[in-house]
Amino acid sequence: MSSKGTVLITGFNGYLAGRVAEAALKAGYSVRGTVRNLAAGAEVQKALLDLGYGGGAEVVQVPDMTEPGAFDEAAIGCSAIIHLASPVNDIWSLEPTEIVRMAVNSTTGILESALKAGPQMQSVVLMSSAGAIFDVPPEPGVYSEKSWNTTSEPAVEKLGRDAGMLHAYCASKTAGERAFWRFRDERKPSFGMTTLQATYFIGPPLVPWKTKEQVPFSLTNLWKQIQGEEVPGSMLLYEGTIDIRDVARVILWSVLNPKEADGERFLCASATGGTQANADILNKHLPSLGVVKGNPGQGYESGYPSTSGTIAFDGSKAVKATGQDWIPYETSILDTAKVLTPLLSQ
């Protein structure tokens with residue numbers, strides 16, 4: 001065990017988790033990751049070893065994170081927990097009410113495990129979502145940590161299956177985060193508790209995708225453009241983005257500063273670009289891709305501020321707290337494109 005102790009990361013095989021593990025190891029922590037099946041975590045382990053992180057990371061299996069005590073054994077001896085696992089993939093197959101139940105139970109369950117983990121536990125960080133910040137449909141405006149989704153939970157309660165996948169996702173994120181804060185208010189744990197909300201993820205994963213099917217939803221339009229399709233329309237609801245390396249950095253800052261981060265929400269939102277901005281960036285820096293040009297310079301603001309657009313986000317609180325600005329949007333797009341382009345040969 002390292003001098004800083006062990007960080008438990010749930011959802012270890014997800015898009016964000018590899019970068020969080022990398023950041024934790026760089027900061028001097030040992031890492032323990034949970035997955036539904038052990039094979040899913042093997043690639044992350046190997047990637048960390050290849051990057052020179054000694055023993056890499058320990059991986060443990062948690063087949064059902066909603067079961068009482070599911071994380072008890074995994075959390076023992078840990079000094080921090082980063083809860084990234086979410087029933088997102090299940091929104092295609094399960095009832096919205098079940099998705100909400102899973103999100104709430106896994107969140108409260110891991111907090112119960114944190115209480116049992118030992119006196120060395122200092123911090124629990126929950127990865128929430130921008131979907132917990134705006135209503136569905138969202139009103140135009142600039143959203144911040146002060147905002148909450150007030151429509152999706154009632155929609156799921158009233159409409160059930162007919163509420164749809166978007167309400168199911170947003171309700172699960174909202175209900176999970178509200179349960180997190182309710183636990184803090186009622187149980188008053190000795191460890192710090194922090195949540196992060198994020199706009200659409202961009203940036204290169206720690207483990208490159210091997211198939212087109214693995215490309216995450218948040219990169220749908222960028223991937224279409226790299227394949228040579230016409231400039232797509234807008235993403236669902238908004239165009240705000242954040243590099244996963246920045247999210248990992250804010251998570252680790254919260255772990256390293258549990259008292260300062262305790263009770264805080266941090267919105268991770270760095271840029272508003274969009275498909276025309278992507279086209280312009282790629283044609284300027286990677287012209288060999290032959291991305292469709294569209295209408296250069298149209299539909300986005302210079303510098304890609306996150307506060308631009310009809311549905312916009314203010315991520316300045318996290319910048320101020322951590323003392324570090326976000327990765328530039330152009331850097332994120334180019335770094336992501338370099339990971340996506342090898343998939344063109346499939």
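## Pairing of β8 and β9

In this predicted model, strand β9 (residues 240-243) runs parallel to β8, and three bridges join them. Strands here are DSSP runs of E with at least two residues, helices are runs of H or I with at least four, and both are numbered from the N terminus. Two strands pair if DSSP finds at least two bridges between them. Within β9, Asp243 is the bridge partner of Ile202.

## The sheet and its helices

The order β8-β9-β11 describes an open sheet of three strands with mixed pairing. Its edge strands, each pairing on one side only, are β8 (200-202) and β11 (271-272).

Helix α8 (residues 244-256) lies across β8 and β9 and runs at about 65° to β9. Helix α12 (residues 329-340) packs on the sheet, where it touches β8, β9 and β11, and its direction makes about 65° with that of β8. Axes are lines fitted to C-alpha atoms, for helices over the stretch in contact, with angles from 0 to 180 degrees between N-to-C directions. Contact means heavy atoms within 4.5 Å.

## Thr194 in strand β7

Strand β7 (residues 192-198) contains Thr194.

The side chain of Thr194 reaches the backbone oxygen of Ala261 at 2.9 Å. Beyond neighbours within four places in sequence, the contacts of Thr194 include Val124, Phe180, Trp181, Ser254 and Phe266.

## Basis of the values

Residues are numbered from 1 along each chain as its sequence is written, and side-chain values use heavy atoms, leaving out hydrogens and water. Local features need pLDDT of at least 70, side-chain atom pairs count only at pLDDT 80 or more, and totals for chains, interfaces and linings use all residues.

Definitions and conventions:
Polar contact = N/O pair within 3.5 Å; in protein donor to acceptor, adjacent residues only side chain to side chain.
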